[in-house]
Amino acid sequence: IRELSETGAVTARAMYGARGWMAHHNTDLWRATGPVDGAMWGIWNAGGAWLSQHLWEHYLYSGDKKFLEESYAILKGVAAFYVDFLVEHPKYKWLVVNPGTSPENAPWAHGGSSLDAGTTMDNQIVFDVLGTAIRAARILNKDAAFVDTLLQKRRQLPPMHIGQYGQLQEWLDDIDSPDDKHRHISHLYGLFPSGQVSAYRTPELFSASKITLLHRGDVSTGWSMGWKVNWWARMQDGNHAYMLIKNQLTPLGVNKDGGGTYNNLFDAHPPFQIDGNFGCTSGITEMLMQTADGAIHILPALPDEWKSGRISGIRAHGGFEITDMQWKDHKLVRLKVKSSLGGNLRLRVPNELKAATGAALKLAKEQNINPFFYVEETKKPVISSKAKVQLLSLKNTFLYDVPTVKNAVYEFSGQ
């Protein structure tokens with residue numbers, strides 16, 4: 001990513017007359033950052049923006065301030081690109097990416113073109129990019145004036161929209177079709193890997209995300225099904241996520257009009273694409289533990305088929321590691337957490353917990369004071385007057401706060 005930021009600075013300046021750096025959708029050994037292949041995917045300009053978020057995620061997991069210091073110029077640079085590149089939408093007046101795309105989807109309402117101004121995915125990625133640069137600068141006590149600029153720009157970004165069918169809109173215009181089964185569902189970036197859409201903070205957007213998933217269907221290319229495992233896990237629907245795992249692991253040629261898996265377990269678009277393998281692995285982890293919504297959520301999407309089980313070695317934001325987790329009859333019975341950094345450990349669990357010593361745990365009420373679990377406020381959505389938004393029923397959970405010290409291990413038992 002550091003090398004891309006160097007070649008990407010040339011592309012930003014030469015192609016877009018902008019500061020900072022950027023990358024399109026494809027690169028190679030020489031760290032090319034210009035557009036590759038057809039315009040409907042090649043012109044997507046958020047490749048560098050998305051990759052930069054992995055550096056921030058590394059900091060959230062590790063707490064390594066030296067790493068953040070070394071990565072700050074990259075985070076600042078990609079934010080600087082959008083400061084220069086965003087323009088005012090002529091109709092809606094928000095600041096948008098133009099030209100932008102919702103990768104590879106070319107709806108009939110756009111005359112078969114995927115190009116548009118202010119696509120939902122672009123808006124979501126820019127929101128994360130600006131927010132990451134703001135937080136990194138404040139942690140490192142840098143660039144107060146630049147932070148003020150980013151705050152102003154972020155306030156002018158479009159909110160997400162809920163369309164006439166109750167769906168999360170892919171574009172600013174309400175043109176989604178319930179019959180669209182496109183393999184990409186780019187506008188669900190805000191649900192996963194980002195945390196802008198939440199079951200607890202943004203219930204309308206959460207409901208709209210489910211409508212979008214239902215419209216797009218299940219069987220698709222292999223990598224698309226890998227993505228859907230993650231999205232259904234974030235929807236806290238373990239059975240649907242598990243069904244997608246089975247669909248993805250189906251031998252190629254069995255799923256009608258879809259991909260699957262080769263005999264050597266490589267993911268099949270077809271052809272082989274490794275992101276399907278990585279995506280399914282990520283999705284399985286998301287079914288067992290999530291960490292993107294202000295707490296460590298234990299067993300958020302446990303399917304009926306996984307009635308009892310055990311896992312260890314899952315890492316979470318804030319330097320926490322699940323060193324042992326056991327469940328039986330869909331209830332958490334034992335949890336062991338190592339705190340590498342100290343700080344508040346907030347747990348969201350499916351059943352009541354107590355400390356292994358028998359001591360009661362403190363129920364959480366306010367925002368998590370641990371800065372590694374800070375969550376940016378998502379703008380309220382614009383909802384179509386035609387939409388009939390039905391909020392989803394959520395499983396009961398228990399939310400606890402446990403103060404921890406560096407390198408200590410904490411054990412809990414279910415009740």
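## A tour from the H5–H6 loop

Start at Asn-141, which sits in the loop between H5 and H6. Helices (H or I, at least four residues) and strands (E, at least two) are DSSP runs, numbered from the N terminus. The structure is a predicted model, in which local features need pLDDT of at least 70 and side-chain atom pairs count only at pLDDT 80 or more, while totals for chains, interfaces and linings use all residues. Residues are numbered from 1 along each chain as its sequence is written, and side-chain values use heavy atoms, with hydrogens and water left out.

**Stop 1**

Keep Asn-141 selected and look at its backbone. Asn-141 has a positive phi of about 60 degrees, although it is not a glycine. Most residues other than glycine have a negative phi, and most peptide bonds are trans. Is Asn-141 buried or exposed? Asn-141 counts as exposed, at 71% relative accessibility. The cut-offs are under 20% relative accessible area for buried, over 50% for exposed and in between for partly exposed (1.4 Å probe, protein chains only).

Now select Asp-143, which is in the loop between H5 and H6. Asp-143 is another residue other than glycine with a positive phi, near 55 degrees. With a relative accessible area of 29%, Asp-143 is partly exposed.

**Stop 2: the helices on either side**

Select H5 (120-140) and H6 (residues 144-155). H5 and H6 pack at an angle of about 155 degrees, and their axes are 10 Å apart. That makes H5 roughly antiparallel to H6. Axes are lines fitted to C-alpha atoms, for helices over the stretch in contact, and angles run from 0 to 180 degrees between N-to-C directions. Angles under 35 degrees count as roughly parallel, over 145 as roughly antiparallel, 65 to 115 as roughly perpendicular and the rest as oblique.

H5 passes H6 in a left-handed crossing. A crossing is left-handed if the near helix is turned anticlockwise from the far one by less than a right angle, and right-handed if clockwise. To see the contact (heavy atoms within 4.5 Å), show Phe-127, Leu-130, Gly-131, Ala-133, Ile-134, Ala-137 and Arg-138 of H5 with Val-147, Leu-150, Leu-151, Lys-153 and Arg-154 of H6. These residues divide into 8 nonpolar, 1 polar and 3 charged. Here Ala, Val, Leu, Ile, Met, Phe, Trp, Tyr, Cys and Pro count as nonpolar, Asp, Glu, Lys and Arg as charged, and the others, Gly among them, as polar.

**Stop 3**

Select residues 47-62, which form helix H3. H3 has 16 residues and reaches 24 Å from its first C-alpha to its last, close to the 22 Å expected at 1.5 Å a residue. The expected span is 1.5 Å times one less than the number of residues in the helix.

The buried residues of H3 include Trp-50, Gln-53 and Leu-60. H4 (65-85), H5 and H8 (222-234) are among what covers the buried residues of H3.

The crossing of H3 past H4 is left-handed. From H3, Gly-48, Ala-49, Ser-52, Leu-55, Trp-56, His-58 and Tyr-59 meet Lys-65, Phe-67, Leu-68, Ser-71, Ile-74, Leu-75, Val-78 and Tyr-82 in H4. By class, this contact has 10 nonpolar, 4 polar and 1 charged residues.

Between these helices, just after H3, Gly-63 takes a positive phi of about 70 degrees. Within H4, select Glu-70, which is partly exposed at a relative accessible area of 44%.

**Stop 4: H8**

Next select H8, which has 13 residues and reaches 19 Å from its first C-alpha to its last, close to the expected 18 Å. How many residues of H8 are buried? H8 is mostly covered, with 12 of its 13 residues buried. Among them are Trp-223, Lys-228, Trp-231 and Arg-234. The buried residues of H8 pack against several elements, including H7 (203-216), H9 (238-248) and H10 (274-288). Just after H8, Gln-236 takes a positive phi of about 65 degrees.

**Stop 5: two cis peptide bonds**

Select Asn-98 and Pro-99, which are joined by a cis peptide bond with omega about 0 degrees. Pro-99 lies in the loop between S2 (95-96) and S3 (100-101). Finish at His-269 and Pro-270, where the joining peptide bond is cis and omega is about -5 degrees. Pro-270 is in the loop between S7 and H10.
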